[in-house]
Amino acid sequence: MAPPKKKPYLLRHWAIYSMILPGLLYFLTFKYIPLTGSIIAFQDYNIFKGVFGSPYVGWKHFENLFTLPEFFQVLRNTLLISLYQLAFGFPAPILLALLLNEVRKLAFKRISQTVLYLPHFMSWVIVGGLVINFLSPTIGLFNDFLEWLGFERIFFMQEPKFIRSIIVTSGIWKEVGWNTIIYLAALAGINPEYYEAAEVDGAGKFRQVVSITLPALLPTIMVLLLLRIGHILDLGFEQIYMLLNPLLWDNGEVFDTYIYRVGLLGGQYSYTTAIDMFKAVVGFILLMGANRLSKKTTGNSLY
Amino acid sequence: MQPSRRAFVVFNYIFLTLLSLAMLLPFLHILAGSFSSGPAITQGRVSIVPVEFTLGNFQAVLGDPKIWRSFWVTILITVVGTAVNLTATSLMSYGLSKHELKGRSAIVLIVLFTMIFPAPMIPSYLLVKELGLLNSVWSLVVPGAISAFNMIIMISFFRGIPEGLTESARIDGAGEYYTLWKIVLPLSLPSLSTIGLFYAVGHWNSYAQALMYIRNQELFPLQVLLRRLLVDSDEQMLIRVNNAVQSVEGIKMASIMVATIPILLVYPFIQKHFVKGAMLGSIKG
């Protein structure tokens, strides 16, 4: 089928290249241009002068970061919420998947899975609305419950000390069911003969979980854990912005919401872009470190 | 069954039932509240059954032209956005699924890099501004045209299509576009619909982009409007509380329901697709 005289490679495959080109341009424009636009972290960016006209100021904004108490406040909030999520939110779907996997009644399993996945499909505005309603001091079901137990009603959304727990708990509530899917898929791949053999050897259910199930899940767990660690400073904007109000900033403001509020709304473009850069570099270093550690200890890694 | 085993099984069923109820309870409470009178809500008499049944809350919400406008904006973004997503994603994925293509792995690397280093917020905003997309629905569509994650899933799906099929089409003289349109895409309908649904739910639920790029109230998507109502207690909307039957809380609850119902209606049909898509994604890491 080769044409008599070979046309140049690009010309022969022009159709394929023309398919890739728009997508490639998209990634270069909307991902790479903003990345290079991070250069404004080294400028005193002025909206009228633009990236090319604004004066360079070296590391000034980064030095500012480390002298501003506000920065450390936000860093502390971000890290604390992230670590709580890691400690409670990360194992939760693993446990739930183990429990769901033990259900033998198929109809029960299907119905509970359908219900457990549901919150994942709701926007954070709706879920945040539910949370605010649920915790409301006047009409909230949770306060009704507290009162029934004999406690005082609490203004949850006005007291900074609760906001981190609210963020972590509502995150688990929304995503725990959905996050079981990946573990259930891994569990379905375990050869049942292992369990039969263990049974013959007299291993109880708990022993089987420890010796067969968890090792089988380990690669999945490690990959997800590594990805999570690389994003330890990204908590996602939508959830937290929905749950925050000015009363809760002290304990609840995280990098993503801070960059929006102070950077975009407040016009401090250079300073907050320096924060974004700090975030990316820290995330990258953590990802590389964790990947290396995991490769050495468990043999699992991202690449 | 051993007694300890039996105890575990009983515990397991009870626990999962309670957890499922915990997922439903907040929705049921809001649903009940949205049909209840203002005084009944504020006196805390509503649990999961409507008290002093009324449609007043819904009348107030649905009687507000702002809600309808936002609805249309959201539908427009979802439809146009998903169409753009699917076109761009399948074109690029199909191209990149060709092994023999020169420079293929370099391009894949360029894409993967963006997953580790996502575009920072402020420079993205400045770019959208420079492109003149601020206050236009395109700002909610174009900057998210392709999800790298969905693209990777799609590439592996296209790889699974037997090469003989596309090869024979080529021998019959079909061009690449014709082959993609007439042979590959029809075979890929299951994964196209799954990925399309992922994109569509993403558009329907997103509000961060609109918050950043849209200042014109006429173009607010539903989620932004709802957020203003729930968090900022948007005065203009709540002013519609004009009789004793309604209350601010009742209106808020009805608004939540109005934004929830479209998703609830399609949920039974799309859930299966999503689970499949999530597993497909998980296998590829």
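Of the 126 residues in the largest nonpolar core of this predicted model, F71(A), Y117(A), F255(A), Y260(A) and I275(A) touch the most other members. A nonpolar core is here a set of buried Ala, Val, Leu, Ile, Met, Phe, Trp, Tyr and Cys residues joined through side-chain atoms within 4.5 Å, where buried means under 20% relative accessible area, exposed means over 50%, and partly exposed lies in between (1.4 Å probe, protein chains only). The element that gives the most to this core is helix α14 (residues 248-284) of chain B, with 12 residues. Apart from this core lies another, of 33 residues, which includes M92(B), A145(B), I146(B) and I195(B).

As for the surroundings of Y117(A), this residue touches G177(A), W178(A), T180(A), I181(A) and L184(A) as well as Y267(B), Q271(B) and V275(B), not counting residues up to four places away in sequence. Contact means heavy atoms within 4.5 Å. Residues are numbered from 1 along each chain as its sequence is written, and chains are lettered from A and ligands numbered from 1 in the order in which they are written. For this predicted model, local features need pLDDT of at least 70, side-chain atom pairs count only at pLDDT 80 or more, and totals for chains, interfaces and linings use all residues, while side-chain values use heavy atoms, with hydrogens and water left out.

We turn next to the interface. Chain B places 88 residues in contact with 78 residues of chain A. The area buried between the two chains is about 7,800 Å², and carbon and sulfur atoms give 78% of that area; buried area is the accessible area (1.4 Å probe) that two parts lose on being put together, summed over both. Y13(B), M23(B) and I122(B) supply 9% of the area that chain B buries against chain A, more than any other three residues.

Just after α6(B), G132(B) takes a positive phi of about 75°. In the loop between α6 and α7 (148-159) of chain B lies N135(B), which has a positive phi of about 60° although it is not a glycine. N135(B) is partly exposed, with a relative accessible area of 33%.

Within chain A, helix α16 holds N291(A), a buried residue with a relative accessible area of 2%. N291(A) touches L226(A), N300(A), S301(A), L302(A) and Y303(A), not counting residues up to four places away in sequence.

Finally, a helix pair in chain B: the axes of α9 (residues 176-187) and α10 (residues 189-205) come within 5 Å and cross at roughly 75°. The contact is made by L185(B), P186(B) and L187(B) of α9(B) and by L189(B), P190(B) and L192(B) of α10(B).

Definitions and conventions
Axes fitted to C-alpha atoms, helices over the stretch in contact; angles between N-to-C directions. Helix = DSSP H or I, 4+ residues; strand = E, 2+ residues; numbered from the N terminus.
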